[in-house]
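Welcome, and thanks for taking a look at this chain with us. Here is a short briefing to read beside the model.

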Amino acid sequence: MMAQYLALKQQAEGCLLFYRMGDFFELFFEDAKIAASVLDIALTSRGEHGGAPIPMCGVPVHSAEGYLARLIRAGCRVAIAEQTETPEEARKRAGSKALVARDIVRFVTAGTLTEDALLEPRRANVLAAVCTVRGSVGIAACDISTGRMELEECMPEVLPAALARLGATELVVAEDSALDLPEAAERPARAFDSQRGADRLMALHGVATLDGFGAFSRAMLAAAAGLIDYLEHVGRGNLPLLLPPVVREAGAFMAMDEATRASLEILSASGGGRKGSLIEAIDRCVTSAGARLLAEDLAAPLTDLGAIRARLELVSWLHDDPLLRGDLRAVLRAAPDVGRALGRIVAGRGSPRDLGQLRDGLGEAQRVQAILTARVERPALADSLIPALGGHGALIDLFARALVPAPPTERASGGFIAAGYDAALDALRDAAGNSRRAIAALEARYREETGTPSLKIRHNGVLGYFIEVPARHADRLMQPDSGFTHRQTMAGAVRFNALALHEEASRIAEAGGHALAAEEAHFEDLTARAVAAREAIAATAAALARIDVAAGQAERAAEGGWCLPHLSDDTALSIRGGRHPVVEAALAARGERFVANDCALSPRDRLWLIGGPNMGGKSTFLRQNALIVILAQAGGFVPAEAAEIGIVDRLFSRVGAADNLARGRSTFMVEMVETAAILAQAGERSFVILDEVGRGTSTYDGLALAWAVAEAVHEVNRSRCLFATHYHELARLAETCEALSLHHVRAREWKGDLVLLHELAEGPADKSYGLAVARLAGVPAPVVKRAKSVLDRLEKGRAATGGLAAGLDDLPLFAAAIEAAEEKVDALREKLASIDIDSLSPRAALDLLYDLKREL
């Protein structure tokens, strides 16, 4: 057995090997140690190998999916080695001591999952293959749980942004790839052949040319070849559902790099998971497929004005008709996940329950179609979706007649084909049922003949049917002429067999076996019918998801009083009463109100320099406008009173940073890398938000960098930009940059306390309120007092030399902000302290009062 295991382990290519032994999957050696640690199960040992005990652990076959899910989430890959013959077949093949043959039937990896237990219902599971061809990068991506496949081409420098958009759970590259993708699975370079990719796609979809699907470049086809090769490898020759590939055109979607997506928390919050993210705040979809499509929309907002307006028109139509929206959402809520059920069926992992989900989901699609067609006036997108919702009447009728109302998840025990569908199957079931009634009659007869009321006829998987009596009554049945044959003695009970019982049991087994075989044949036939209609079924699933997204967007807009944005081809960005959807939802949960603010960028006023205290709302203001742009170009309403948005081709966010120790980068290095990407890629149609550029280094360096970056964005990139800073000196840029304006978030000190108003106002910030914020944050009073004394020293040094932070070396940005914030107040105090009031004439006193007023 160990020789067989080791041979299979060599084929597992570094995966953990699940080795089937009866009702368990066993793991040995290092695999067992890893699995025991991840799964928190007992690690034992058996036998010896090389003079040492063999570590082992195991999981039950019937609950293996849950354990697999935990291993996959921990970053493991698993090879499943199943028994490919029964023990009886093994004995016939090689005698009584023959080892049952086993083989790896499947590799389970993060990107090749189809089972419900292993997938997140509301998140797509994307597998992507990447390769380079003549300087261009080809990307093939698919979600095999639904079959959607996309091909695209990009330049190497924008590959990170493309991969960030896809959010693939697993990547595949060629063995000799120069791409920096260290965690990707590798396949032989020969697998990434463009001609082979074209041939495989044509064979898969039964066409002589790919022209009907789109214009595919050599890089795209090479990536597709690598993807299909990997899927064949992990499926051991069996391919999952792959729909005809779709070309993702360069420039059709708003570009966002990984740093931007992370800082804006679009699909996941900074701490991981959906809670606190944009999608968690706006997702009102009632189906899992709708939630997955919404995530895709937010990850890749459109740049095509016509396509955006088509989505918005559908959302607006549903927003303005609450009754229609309610009817659609009620029907959609009852619809199962048709796309993923179809994916399991095509991959050969389907169950009777999946066929039932197709039946029910396609039936609900017909109801949605009827609701939509009953409306006289419909938006164009609704009209285009209606045909895809129907056309399955014959299949629905077949499945309705063939399947029981609630089919089981397992087909081995039968019971999923409805009565009346197959007369021969019904006869077999009747025969089995009659035999069971005959067994009940036998039990009554044996009780009477033996005078043993406690006699019972039982059944188990080892002995089949048998007679059981308490041990004290066993002697009567042990008599040679009793007609009973002794089988087993238990503690307190004895088991017997009888000829009549054996005959009835044989009839039951024969009828039951024939019935199971008949149901299995019907299952194969029904599965083949579904597979033949896979593209039409997938189109229905996609149409249901799009309607669910539109209805969910309309529902969220109605909840929050959101507005329909107006999009155009110009470069304006005008948002009145804009709000941050995530922060607003969090405040509403605490019974607090969000303070809305306006944003108006235009060619003559495209760069806003925003000052004010920490916690005053600068970062929130920056992020909310970026999120409003994303929501609008994704095709949804936005949290504002009104919004006019010129199409944004690229969105950049440099808000906050953290060390990337794994790549040897400090906070400031990360900040500079992100800033460099913005300066290299942003253009006139881009939207940039920058927060505290330069704060990670010395005061002089930071101010110099912030100054130069602001000038470059204004003069070279000419992008729409919101630039938050604590450097008051940057206000001088307004004198030389004609499209730059100064703004600040308002705050006031009242009786020693800081009141943050969260309102945006025009003009430079008067103070940074650094010490007040520190006091508000709970910094101990002695520390704040000491900071005040340091501040006095800074001010005296500045007054003496005229220089920034004179007297101290490279004071941190926060300290420099404190200096700028407190200077004016201390100047007034010093002037008042130096006045000799008794020596002032009335005129001099009046003049002094005017001077003080001007300085204030």
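This is a predicted model: local features need pLDDT of at least 70, side-chain atom pairs count only at pLDDT 80 or more; totals for chains, interfaces and linings use all residues.

Residues are numbered from 1 along each chain as its sequence is written, and side-chain values use heavy atoms, with hydrogens and water left out.

**The chain as a whole**

- The chain holds 28 helices and 27 strands, where helices (H or I, at least four residues) and strands (E, at least two) are DSSP runs numbered from the N terminus.
- Its radius of gyration, taken over C-alpha atoms, is 36 Å, well over the 29 Å that the globule rule gives for 856 residues, so the chain is more spread out than a compact globule. That rule is 2.2 Å times the number of residues to the power 0.38.
- The C-alpha trace spans about 140 × 70 × 60 Å along its principal axes.
- Of the 856 residues, 50% are buried, meaning under 20% relative accessible area with a 1.4 Å probe, protein chains only.
- Counting contacts (heavy atoms within 4.5 Å) between residues at least 6 apart in sequence, 67% join residues at least 24 apart.

**Helices α6 and α7**

- Helix α6 (residues 194-205) packs with helix α7 (residues 218-234) at an angle of about 65°, and their axes lie 7 Å apart. Axes here are lines fitted to C-alpha atoms over the stretch in contact, and angles run from 0 to 180 degrees between N-to-C directions.
- On the α6 side, the residues that meet α7 include Arg196, Arg200, Leu201 and Leu204; their partners in α7 include Leu221, Ala225, Ile228 and Glu232.
- By class, this contact has 8 nonpolar, 3 polar and 5 charged residues. Ala, Val, Leu, Ile, Met, Phe, Trp, Tyr, Cys and Pro count as nonpolar, Asp, Glu, Lys and Arg as charged, and the others, Gly among them, as polar.

**Thr452 in its loop**

- Thr452 sits in the loop between α17 (423-450) and β14 (456-460).
- Thr452 is buried, with a relative accessible area of 0%.
- Leaving aside residues up to four places away in sequence, Thr452 touches Arg447, Val469, His473 and Arg476.

**Helix α21**

- Pro581, Val582, Glu584 and Leu587 are buried in α21 (residues 581-589).
- The buried residues of α21 pack against α9 (278-282) and α22 (618-634).
- After α21 comes Gly591, with a positive phi near 75°.
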